[in-house]
Amino acid sequence: MDDQELGFKAGDVIEVMDATNREWWWGRVTDGEGWFPANFVRLRVNQDEPTEDEAPRGCNGEAEDGGAEAQSSKDQMRTNVINEILSTERDYIKHLRDICEGYIRQCRKRADMFSEEQLRTIFGNIEDIYCCQKAFVKALEQKFNSERPHLSELGACFLEHQGDFQIYSEYCNNHPNACVELSRLTKLSKYVYFFEACRLLQKMIDISLDGFLLTPVQKICKYPLQLAELLKYTPPQHRDFKDVEAALHAMKNVAQLINERKRRLENIDKIAQWQSSIEDWEGEDLLVRSSELIYSGELTRVTQPQAKSQQRMFFLFDHQLIYCKKDLLRRDVLYYKGRLDMDGLEVVDLEDGKDRDLHVNIKNAFRLHCSISGDSHLLCAKKAEQKQRWLKAFSREREQVRLDQETGFSITEMQRKQAMLNANKQQATGKPKAVGRPCYLTRQKHPTLPISRPRQQVLVLAEPRRKPSTFWHSISRLAPFRK
């Protein structure tokens with residue numbers, strides 16, 4: 001991140017040149033030298049040499065086993081990993097306590113400098129994380145076998161608390177906002193002096209506040225790596241094996257969930273910009289209920305009572321289906337015509353032939369039926385393949401809604417308002433509607449981040465890789481936006 005910070009990959013061997021600071025060490029790899037967090041590495045253990053955890057030795061150099069068998073090297077390695085997990089958790093708890101007591105408590109005493117909204121932006125939900133982590137480390141210590149550490153059963157602790165780790169999603173998503181707000185405040189000398197006084201009073205190491213606030217982001221990335229290491233030294237017959245295996249899978253899912261939520265929040269600005277480009281928009285903002293474009297395309301809408309056919313562009317978001325009309329002359333301009341609430345609709349696949357309600361011949365059709373009001377909407381695709389893609393998209397939409405309900409994903413009022421504000425600003429300062437293709441719809445494999453955002457604010461979770469965004473895949477194929 002910084003010029004003097006050392007970059008390395010999992011598996012690299014680092015030569016430690018300065019370890020006088022407990023938190024940050026100076027080391028060397030083939031690519032260069034620099035500072036790195038001490039808790040990101042573990043000491044390389046030579047299994048042929050004695051360690052502190054091994055039995056004491058007599059004057060003749062032989063182990064005094066007292067009739068007990070010497071601990072196997074694999075058990076010793078498992079002991080080392082367990083000790084590392086507990087040690088890093090205790091250090092992490094202290095780190096969170098220092099932030100909550102050293103910074104947040106002091107900031108709340110200065111209402112003239114900080115509002116509650118500012119504190120929420122800077123520190124996010126770190127106090128909630130601190131509360132959950134205290135319960136987690138207590139559970140780990142209860143499962144720790146002090147006499148025979150390699151027999152400790154830590155896997156169950158991760159499984160019991162896996163739901164709690166989802167609160168990191170909110171923190172990771174808020175972290176870029178925290179960095180922006182801190183950057184703004186630290187341009188004023190009184191805030192610089194105040195934050196430095198907080199650090200010195202709490203006797204924290206010499207790192208800026210934004211560096212301390214990065215730690216929870218790094219921590220949630222580290223759990224899958226620690227569990228993978230623990231599983232490596234847990235034999236299949238060990239009582240903890242199945243739980244560690246399940247815990248590794250669970251924590252990977254947590255990382256995947258955080259990645260997915262981050263991707264979704266990155267898309268809300270693009271969705272807000274899309275809405276601002278639609279002419280004659282009516283009703284509530286799209287982001288009030290939706291945050292994901294599932295599918296889009298052109299369909300024929302057959303309406304009552306004269307069975308009139310209308311060509312419309314349909315955009316399926318979670319919870320709602322938006323349909324628009326193309327401009328007759330400027331084909332890249334869309335006019336808002338309405339929306340359907342997907343939460344109350346049933347999708348009915350129709351066979352080719354004569355429709356009994358409208359008495360017209362239909363092909364590649366399906367009906368959206370509302371059981372409460374009795375309303376129905378007949379839609380026809382040009383080809384059978386397109387119809388099948390729509391039917392699958394409706395299934396994906398329901399699955400997305402179900403997953404969001406299970407995981408508690410939602411967009412906050414502040415995030416929605418900020419996205420719409422950004423979109424309106426861009427619309428006001430940018431090109432008029434219908435002049436050129438909007439830059440956010442340009443075909444690209446990976447959306448580029450703004451130049452003004454520092455690299456250290458880009459949150460990257462190690463495992464697993466996220467799937468390509470459905471938004472970019474779908475919206476870049478839309479005919480109305482091609483010249």
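Lys203 sits in the loop between α6 (189-201) and α7 (209-213). Its phi is near 55°, a positive value in a residue other than glycine.

Before going on, a word on the ground rules. This is a predicted model, where local features need pLDDT of at least 70 and side-chain atom pairs count only at pLDDT 80 or more, while totals for chains, interfaces and linings use all residues. Residues are numbered from 1 along each chain as its sequence is written, and side-chain values use heavy atoms, with hydrogens and water left out.

Now the overview. The protein chain has twelve helices and twelve strands; helices (H or I, at least four residues) and strands (E, at least two) are DSSP runs, numbered from the N terminus. Of the 483 residues in the protein chain, 45% are buried. Take the contacts in the protein chain between residues at least 6 apart in sequence: 64% of them join residues at least 24 apart. Contact here means heavy atoms within 4.5 Å.

Let's start with the sheet of three strands. It is open, with the order β1-β2-β3 and antiparallel pairing; two strands pair if DSSP finds at least two bridges between them. β1 (15-18) and β3 (32-37) are at the edges with a single partner strand each, so one side of each has no neighbour in the sheet. From one strand to the next, the twist averages 40°. Strand β2 (residues 24-29) is joined to β3 by six bridges, and the two run antiparallel. Within that pairing, Trp25 has Phe36 in β3 as its bridge partner.

How far apart are the axes of helix α1 (residues 73-108) and helix α8 (residues 215-232)? They are 10 Å apart, and the helices pack at an angle of about 165°. That makes α1 roughly antiparallel to α8. For reference, axes are lines fitted to C-alpha atoms, for helices over the stretch in contact, and angles run from 0 to 180 degrees between N-to-C directions. Angles under 35 degrees count as roughly parallel, over 145 as roughly antiparallel, 65 to 115 as roughly perpendicular and the rest as oblique. The crossing of α1 past α8 is left-handed, meaning that the near helix is turned anticlockwise from the far one by less than a right angle; clockwise would be right-handed. On the α1 side, the residues that meet α8 include Val81, Ile85 and Tyr92, and their counterparts in α8 include Pro216, Tyr223 and Leu230. The residues of the contact of α1 with α8 divide into eight nonpolar, four polar and eight charged. In that count, Ala, Val, Leu, Ile, Met, Phe, Trp, Tyr, Cys and Pro are nonpolar, Asp, Glu, Lys and Arg are charged, and the others, Gly among them, are polar.

α1 also meets helix α3 (residues 126-143): their axes come within 10 Å and cross at roughly 150°. α1 and α3 are therefore roughly antiparallel to each other. Here too, α1 passes in a left-handed crossing. Among the residues making the contact are Leu86, Ile93 and Cys100 of α1 and Ile129, Phe136 and Leu140 of α3. The residues of the contact of α1 with α3 divide into 14 nonpolar, one polar and seven charged.

Next, the other sheet. What is the strand order of the open sheet of seven strands? It runs β7-β6-β5-β4-β12-β11-β8, with antiparallel pairing. β7 (334-341) and β8 (345-349) are the edge strands, each pairing on one side only. The twist averages 35° from one strand to the next. Helix α10 (residues 384-407) packs on this sheet, touching β4 (293-303), β5, β6, β8 and β11 (365-370), and its direction makes about 125° with that of β4. Five bridges link the antiparallel strands β5 (residues 308-317) and β6 (residues 320-326), and Leu316 stands opposite Leu321 in β6.

Notes: Buried < 20%, exposed > 50% of the residue type's maximum accessible area, 1.4 Å probe, protein only.
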